[in-house]
Amino acid sequence: MPKAVRYDEFGGIDVLRVGEVERPVPGDGQALVRVMAAGINPSEAVIRTGALAQMFPSTFPSGQGSDLAGVIEEVGAGVGGFAPGDEVIGFSNKRASQAELVLVEADDLTRKPDRVSWEVAGSLYVAGVTAWGAVHAVGPEKGETVVISGAAGGVGSLAVQLARRTGATVIGLASERNHAWLRSYDVIPVRYGEGVLDRIRAAAPGGVDAFIDTFGDGYVELALALGVATERIDTITDFVAAARYGVKTDGGTAAGPGAKVLAELAGLIADGHLEVPIASVYPLTQVREAYAELERRHTHGKIVLMP
Ligand SMILES: NC(=O)c1ccc[n+]([C@@H]2O[C@H](COP(=O)([O-])OP(=O)(O)OC[C@H]3O[C@@H](n4cnc5c(N)ncnc54)[C@H](OP(=O)(O)O)[C@@H]3O)[C@@H](O)[C@H]2O)c1
């Protein structure tokens, strides 16, 4: 029987287990994908604690995960564009991707270019479409300056590169050990913590035009203190501040059809225009270790499970 990540109650990392499940059967419009890689994301950890149970109800046993890449094993009726053996990138909206076999709507898949590794393909969806949505939300242009918090994290590491591609000057807030990586993408690194407002002002003598917050905890207020207009501030995580000040919260869903954006991002990666840094790779059986690393909140790029 195929294996999948499961948990039977809300809780900490220790509720996660890898269990045997029934082999899924694809229905109309669905493909059964043998997962080669499945990225992990902070929101999954928050949902698992039960803190968002009102907004995202759970039934138990619960599966976990959205990001995936793999090889199509079977297709259901009405699936025209894909066949068994195709290598694909996609996502599950059913919290199911951290498994050996997963059912995916064929509309939520795109082909994996040969030059995109399994690790990168499998961790592209959530961080990639969110970064895409956030950068489009604030619309940086050549001659402007955009600041991005959490600049070396899963979403931030992609957002800084996508923002830089617009021609804008990009300032990335990160710990010093990530500054060399940011500089290598022509991003101006600035250390966060006490005095960050003055350090940003010094790095942006002409002022700051746009701000993308991927960390929360006061960065919306910092953006307002820098004089950024509310419609040019996007936070993907501080919804309380967003409601208070009327700034944007565009992320993944604002990016439009996921498979279309995934195809665009995969093309950029295949052509060498976008890098997804891979922080760590774990086998599915080490799902607890993978989330323990993620929950330290200092990941550079993505952590990925490889069933
Ligand atoms: N709304 C949506 O659609 C959506 C989608 C995806 C994610 N999210 C949310 O967005 C957030 C980021 O996700 P992610 O996957 O990018 O997370 P992640 O990869 O875990 O982000 C880790 C980053 O946070 C940085 N960080 C740690 N402490 C910080 C501080 N005090 N100030 C500034 N940065 C700090 C770290 O920087 P250093 O290592 O440099 O210290 C690291 O680069 C999460 O809250 C997630 O739930 C929302």
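Analyst: Arg95 counts as partly exposed, because 18 C-beta neighbours lie inside 10 Å. Keep in mind that this is a predicted model.

User: Where is Arg95 in the chain?

Analyst: Arg95 sits in the loop between β5 (87-91) and β6 (101-105). Its phi is positive, about 50°, although Arg95 is not a glycine.

User: And what about Arg297, buried or exposed?

Analyst: Arg297 counts as exposed, because it has 10 C-beta neighbours inside 10 Å. Its phi is also positive, about 65°, and Arg297 is not a glycine. Look for it in the loop between α10 (287-294) and β14 (302-306).

User: Which residues does the cis peptide bond join?

Analyst: Phe60 and Pro61, with omega about -5°. Pro61 is in the loop between α1 and β4 (67-75).

User: Switching topic. How is the protein chain divided?

Analyst: Into domain 1 (3-124 + 276-306) and domain 2 (128-253). Their centres, taken over C-alpha atoms, are 28 Å apart. The contact takes 9 residues from domain 1 and 9 residues from domain 2. On the domain 1 side, that is 3 nonpolar, 5 polar and 1 charged.

User: What does UniProt place at residues 11-305?

Analyst: An unreviewed UniProt entry puts the feature "domain: Enoyl reductase (ER)" there. Over residues 11-305 the chain is 29% helix and 22% strand. The end C-alpha atoms of that stretch are 20 Å apart.

User: Last one, the largest nonpolar core. Which residues touch the most other members?

Analyst: Val146, Ile148 and Ala159, out of 91 residues in that core. α3 gives the most to this core, with 10 residues. The core also draws at least three residues from each of domain 1 and domain 2.

User: What is Val146 in contact with, leaving aside neighbours within four places in sequence?

Analyst: Val138, Pro140, Ala163, Ala168, Val170, Asp209, Ala210, Phe211 and Ile212.

Definitions and conventions:
Residues numbered from 1 in each chain as written. Predicted model: local features only at pLDDT ≥ 70, side-chain atom pairs only at ≥ 80, totals over all residues. Core = buried A, V, L, I, M, F, W, Y, C linked by C-beta atoms within 7 Å. Buried ≥ 20, exposed ≤ 12 C-beta atoms within 10 Å, placed from the backbone. Helix = DSSP H or I, 4+ residues; strand = E, 2+ residues; numbered from the N terminus. Domains from an automatic or database assignment. Contact = placed C-beta atoms within 7 Å. Nonpolar A, V, L, I, M, F, W, Y, C, P; charged D, E, K, R; others polar. UniProt positions renumbered as here; feature names shortened; annotations may be inferred.
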